[in-house]
Amino acid sequence: MIVETPRLRLHTWHERHRVPFAAMSSDVDVMRDLGGPMSRAESDAKFDRYAKAWHDDAIGRWAVEDRHGKFLGYAGIIFRREHPIGPHHDLGWRLLRDVWGNGYATEAAKAALEDGFARIGMDEALAYTAPDNLRSQAVMARLGLTRDPSRDFTADFGNGDWHGLIWVAR
C-alpha cells in the first residue's frame, strides 16, 4: 500500500527501510524524547513490530519517503492493545534530524489520519508527547488535534517515569 501527498510517499514497510530506520533510531537528537538512541537489535525489533502491525491490524506506522525514494522517517497510526491509558489508536511520527522543519511530519501525519478515518473507520486517534517536546506539540496543533489534559499519563517504558500529554484527533 502507498499513500501519496504532494511531496511524500507513505509506504508499508519494506526491507529496504531497515537500515535507514536503524540509523534514525540511533541518532541522539531524534531519540531524545524516548530515552535515547536504540541499539541495532532494539531498532530491528521495533521495525519488525511496525511491519507486523500492518498484517495484524491493517494499519500501522508508514515508512515516509520523499518523491525520489529517500527514507525520511515514519508516521502513522498503530493500535495499542495494552497501554497505561487503555486500548487506543496511537498517531505518531519520527523523522531524520536533517529533514526537521520542512513540514514533513505534519504532511505525513495528516495523510495517515485521513487514511485511518476513511479506510478503517476509527473514531479517534490519540497523539502524545513529553511536556518539553514543543516541536511535536506544534505538529499536533497544526493538525488540529485537541489537547485533553484529563487523559495525560505517567508510565515507565524502561527508562524511568515518562509523562505523556494527550492530544486527540476526531
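Aromatic rings of Phe, Tyr and Trp (its six-membered ring) count as a pair if their centres lie within 6.5 Å; planes under 30 degrees apart are stacked, over 60 edge-to-face, and the rest tilted.

## Basis of the model

This is a predicted model, in which local features need pLDDT of at least 70 and side-chain atom pairs count only at pLDDT 80 or more, while totals for chains, interfaces and linings use all residues. Residues are numbered from 1 along each chain as its sequence is written, and side-chain values use heavy atoms, with hydrogens and water left out.

## Aromatic pairs

Ring pairs link Trp13, Phe21, Phe47, Tyr50, Phe71 and Tyr74 into a cluster. Over the whole structure, a search finds twelve aromatic pairs. Tryptophan 13 and phenylalanine 71 form a tilted pair, with 6.3 Å from centre to centre and 50 degrees between the planes. Tryptophan 13 lies in the loop between strand E2 (8-11) and helix H1 (18-25), and phenylalanine 71 in strand E4, so the pair ties together parts that are 58 residues apart in sequence. Helices (H or I, at least four residues) and strands (E, at least two) are DSSP runs, numbered from the N terminus. Tryptophan 13 is buried, with a relative accessible area of 10%, and phenylalanine 71 is buried at 7%. Buried means under 20% relative accessible area, exposed over 50%, and partly exposed in between (1.4 Å probe, protein chains only).

The rings of tyrosine 128 and phenylalanine 153 have their centres 5.2 Å apart and their planes at 90 degrees, so this pair is edge-to-face. The pair links distant parts of the chain, with tyrosine 128 in strand E6 and phenylalanine 153 in strand E8 (residues 153-156), 25 residues apart. Tyrosine 128 counts as buried at 16% relative accessibility, as does phenylalanine 153 at 7%.

## Nonpolar cores

A nonpolar core is a set of buried Ala, Val, Leu, Ile, Met, Phe, Trp, Tyr and Cys residues joined through side-chain atoms within 4.5 Å. The largest one has 44 residues, of which Leu10, Trp13, Phe21, Leu91, Trp93, Leu113 and Leu145 touch the most other members. Helix H3 supplies the largest share of this core, seven residues. Apart from this core lies another, of eight residues, among them Leu126, Tyr128, Ala130 and Trp162.

Contact means heavy atoms within 4.5 Å. Not counting residues up to four places away in sequence, leucine 10 touches Met1, Ile2, Val3, Thr5, Trp62, Ala63, Val64, Ala108, Ala111 and Ala112.

## Helix H4

Helix H4 (residues 134-142) has Ser136, Gln137, Val139 and Met140 as its buried residues. Seen down the axis of H4, these fall within an arc of 155 degrees, so they line one face of the helix. The arc is that of the directions from the helix axis to the C-beta atoms.

The cover over the buried residues of H4 includes strand E5 (88-95), helix H3 (104-120), strand E6 (125-129) and strand E9 (161-169). On the face turned away from the buried side, H4 carries the exposed residues Leu134 and Arg142. Glycine 144 follows H4 and has a positive phi, near 85 degrees.

## Salt bridges

A salt bridge is a side-chain nitrogen of Lys or Arg within 4 Å of a carboxyl oxygen of Asp or Glu. By this rule the count comes to 20 salt bridges. Aspartate 56 forms one with lysine 52, the closest N and O atoms being 2.4 Å apart. The two are four residues apart in helix H2, and are separated by about one helical turn. Aspartate 56 is partly exposed at 41% relative accessibility, and lysine 52 is partly exposed at 47%.

Aspartate 98 forms a salt bridge with lysine 70, with 3.7 Å between the closest N and O atoms. Aspartate 98 lies in the loop between E5 and H3 and lysine 70 in the loop between E3 and strand E4 (71-80), so the pair ties together parts that are 28 residues apart in sequence. Aspartate 98 is exposed at 58% relative accessibility, whereas lysine 70 is partly exposed at 38%.

## The end of helix H2

Aspartate 57 is found in helix H2. Its side chain makes a polar contact with the side chain of arginine 81 (2.4 Å). A polar contact is a pair of N or O atoms within 3.5 Å; within protein, one must be able to donate a hydrogen and the other to accept it, and residues adjacent in sequence count only if both atoms are side-chain atoms. Leaving aside neighbours within four places in sequence, aspartate 57 is in contact with Phe79 and Arg81.

Alanine 58 is found in the loop between helix H2 (40-57) and strand E3 (61-66). Phi of alanine 58 is near 60 degrees, a positive value in a residue other than glycine. Alanine 58 counts as partly exposed, at 36% relative accessibility.
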